[in-house]
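Student: I would like to learn how to read helix packing and charged pairs from a set of coordinates. Could we work through one case together?

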Amino acid sequence: MSNPDASPPQFLKISSLLTGFTETELIGTGMLDSYLNTILKNSAKEDVKYFFENAKEILDEPNQTEESIAISTRKQLMPDSSYGGLAKKIIILWYTGSWKVNENSSKIISPASYKQGLMWDAGHTHPPGAKQPGFGSWAKLPISVMINDKSKTNGN
Amino acid sequence: MEIKNYDVVIIGSGIAGSITANILTNAGKKVLLLEAGLNAGIALDAENAYKTYQGYLNTFYENSIKVPNSPYPNIEDAPSIDVLDLKQIEPGKPDTKGYLVQMGPIPFASDCLRGAGGTTLHWLGTTLRMLPNDFKMKKTYGIGVDWPFSYNDLKPYYEMAEHEIGVAGNKESMEKWVKGQLKVDNYYGSKYQFPMEEIPPSYMDKVLISEMEGKEIVLNGVSHKIETVTTPQGRNSTPNSKYSKAGIRWNPGSKKLEFIDADFRDKYEPVGSVWDPYSGQRCEGNASCVPICPVQAKYNALKTLKKADHGNLTIKTQAVASKLIINSISNWIEGVEYKTYQEGHNGKYDLQTAKGTIYVLAASAIENAKILLASGAANSSDQVGRNLMDHMTVLSWGLNKKERVYPFRGPGSTTNIATFRDGDFRKEHAAWISPLDNWGWGWPAFSPGSDVNDAVTQGMFGKELRSFLEDRITRQVLVHAECEQAPDPECRVTIDPAYLDQLGNYRPVIHYRATEYMLKAFEAGREFVTQLFDKAGIEDYTVYNPEKDADYVTYKGKGYSFEGAGHIVGTHRMGKTKEDSVVNENMRTWDHDNLFLVGCGNMPTLGTSNPTLTMAALTFKAAEAILNQLEN
């Protein structure tokens, strides 16, 4: 596969835009390569090619603002009619660890992808059965909430 | 043909079978234990136990739908009930898709696990005792039947069960409510201690309690006060320094089971995982008790089986009991036929017979009844298979508009609303317990995965999506009304030669319905939650789907869906006379002097407690009776 636009660094950038998670948070999951491979393996080559070209255009737009990028993304990448719905599939992959096969079926990529689902982080928790926060931690506010709100450092 | 004659042959290695095997082998009895599940599951040595369990865990991670049986192998030759097979039954057309043959009119909604360790591998771990009135429902409320003994008679055995399981609890919380609302003294007793201190109640519990405790609910013109109680649990917590028991043993002199007192220097040590006694000694907050605790801080029956005297214990796995052989003259059981499968998927097996002095069926309420029916055993009362019960569980869910509660953390439930567990209303409708559920809308709506899907389908992405999900997930509240199903002779397990599994064993044929006594409870339970949500500032999002929900019922024009609670109870009830029950107060069948039944099937009524603790207590009582019979 020689598609310069579908490189891991480009995929990271577009993933951050689509998920609302920072590049550091996404790298921290350790899933970048695995998810890129999943996309390349399960999508039509043409969809992948034009999706990444379009994504590059949006990211490289001159005079861009956060808002202008969001508008372009919504209009060009997010519609189901764009690139086989790839943008939505990428978001669901990062958030749930699952590849959406069709409307009624999705498949968890691997035990690691389940554990790294971003939906748990979005909800200030952890995937059931992994990344356990420790005895009695559930009696307090989540740590991720406490550090963002110094007034609640006691967690009560 | 099995040559050896054992003292006792036990069918099933779940909690009832394992407690029985542990007590009997340590009392010097030779025991054969037959287990239908795969051989790998029974491993108790460090390397193999770890390997097998990590296999379960990875299967759980990879399974898209994480139902209770999802981590564990479903063996074609000895299938387990799968809740994914549940669907509405068309009138006159039994649903035969899964292991159960569902005759209806509505399907039985609970599963259990056929495998080493049984359903304790995926139980939640709630260890509430039953209430004194639960043992005398007929006398007190004119409903169902009375047990052949009282709460106080069972109390010493409850203490054994709480020791064996390793219960973490707050005695004062429960006693305050029992004494206040029910006017019962000495429920646990002033001297009693739990092995471990309470599992800390969740952050969500604290928020909800502050919003609802003491508030008034009016149902059918009667005012009730909301009272919450900390839930005792079979998972490892901080050891209680006042706990002074070290074990349970048979005393051949007094002919009773008794506690071994701990040396004053010894502190209670939580029982760790099967593969490593020093891991799993505290709950680590994995929040996946159902279907699997990754560190085995939650009790499972393999921990008990490991403590058996293995010099006296023979275990045969992949061995599916199919029939008891009855001596036509003495009416004693003289053998149990079992089929040992090789692969598990091709229906090939060797037919063997096991022989012992006493036989114990410990194969689950449904399997026990099925084996008895297949054998023409123990059924002179015509009660075998009848009174199949469960907690019919009506779920209500909403969003806490006032503040975020941060669910999906900690054990499944750490606090329950006890108000409707007992009271005069039981003359009119079923009682219920309302656990506060710590896992958001996971059960009714597959959250948070469904929240992600919905939001993305609507076109959300980026920071907007993240912040929408943050808000949606952290406000989710779920409250159950787990309604006590009253015994109903028409809710039953039967067999039919037209429905066999691939080993040629009978599949359970289930008849199930909800009586008006239950429907009234659904109505009252929903009314209760509506008022509760209103007072606590929770916006109701509950939806019952008339087309899709398997157990959708209507009452007075309104629809309700209920779920199974996994509490499969009552198919071989215990009683005072052989005319109206299958076993006596010691769980020996009235019809066969050397056949005992253990497990939830013995329970004449269900109460509002999760049944495992009571079943474990009953099993200690049965084990004591078996030893008495062997030594007389």
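This is a predicted model: local features need pLDDT of at least 70, side-chain atom pairs count only at pLDDT 80 or more; totals for chains, interfaces and linings use all residues.

Student: What describes two packed helices in general?

Tutor: Two packed helices are described by the angle between their axes and by the distance between those axes. The crossing in which H6(A) passes H10(B) is right-handed.

Student: Which residues of H6(A) and H10(B) meet?

Tutor: From H6(A) come A:Lys88, A:Ile91, A:Ile92, A:Tyr95 and A:Thr96, and they meet B:Gly449, B:Val452, B:Asn453, B:Val456 and B:Thr457 of H10(B).

Student: How should I read the charged pairs?

Tutor: The general idea is that side chains of opposite charge can pair when their charged atoms come close. Over all chains, a search of the whole structure finds 32 salt bridges. One of them joins A:Glu66 to B:Lys463, with the closest N and O atoms 3.3 Å apart. This pair crosses between chains, from helix H5 of chain A (residues 66-77) to helix H11 of chain B (residues 462-474).

Student: Is A:Glu66 buried or exposed, and is B:Lys463 buried or exposed?

Tutor: A:Glu66 is exposed because its relative accessible area is 61%, and B:Lys463 is likewise exposed, at 55%.

Student: Where do B:Glu631 and B:Lys29 lie?

Tutor: The side chains of B:Glu631 and B:Lys29 meet in a salt bridge with an N to O distance of 3.0 Å. B:Glu631 lies in helix H13 of chain B (residues 612-631), while B:Lys29 lies in the loop between helix H1 and strand E2 of chain B, so that the pair links distant parts of the chain, 602 residues apart. B:Glu631 is partly exposed, with a relative accessible area of 27%, whereas B:Lys29, at 13%, is buried.

Student: Which residues do salt bridges that share partners join into one network?

Tutor: That network consists of B:Asp134, B:Asp422, B:Arg426 and B:Glu484.

Definitions and conventions: Residues are numbered from 1 along each chain as its sequence is written. Chains are lettered from A and ligands numbered from 1 in the order in which they are written. Side-chain values use heavy atoms; hydrogens and water are left out. A crossing is left-handed if the near helix is turned anticlockwise from the far one by less than a right angle, and right-handed if clockwise. Helices (H or I, at least four residues) and strands (E, at least two) are DSSP runs, numbered from the N terminus. Contact means heavy atoms within 4.5 Å. A salt bridge is a side-chain nitrogen of Lys or Arg within 4 Å of a carboxyl oxygen of Asp or Glu. Buried means under 20% relative accessible area, exposed over 50%, partly exposed in between (1.4 Å probe, protein chains only).
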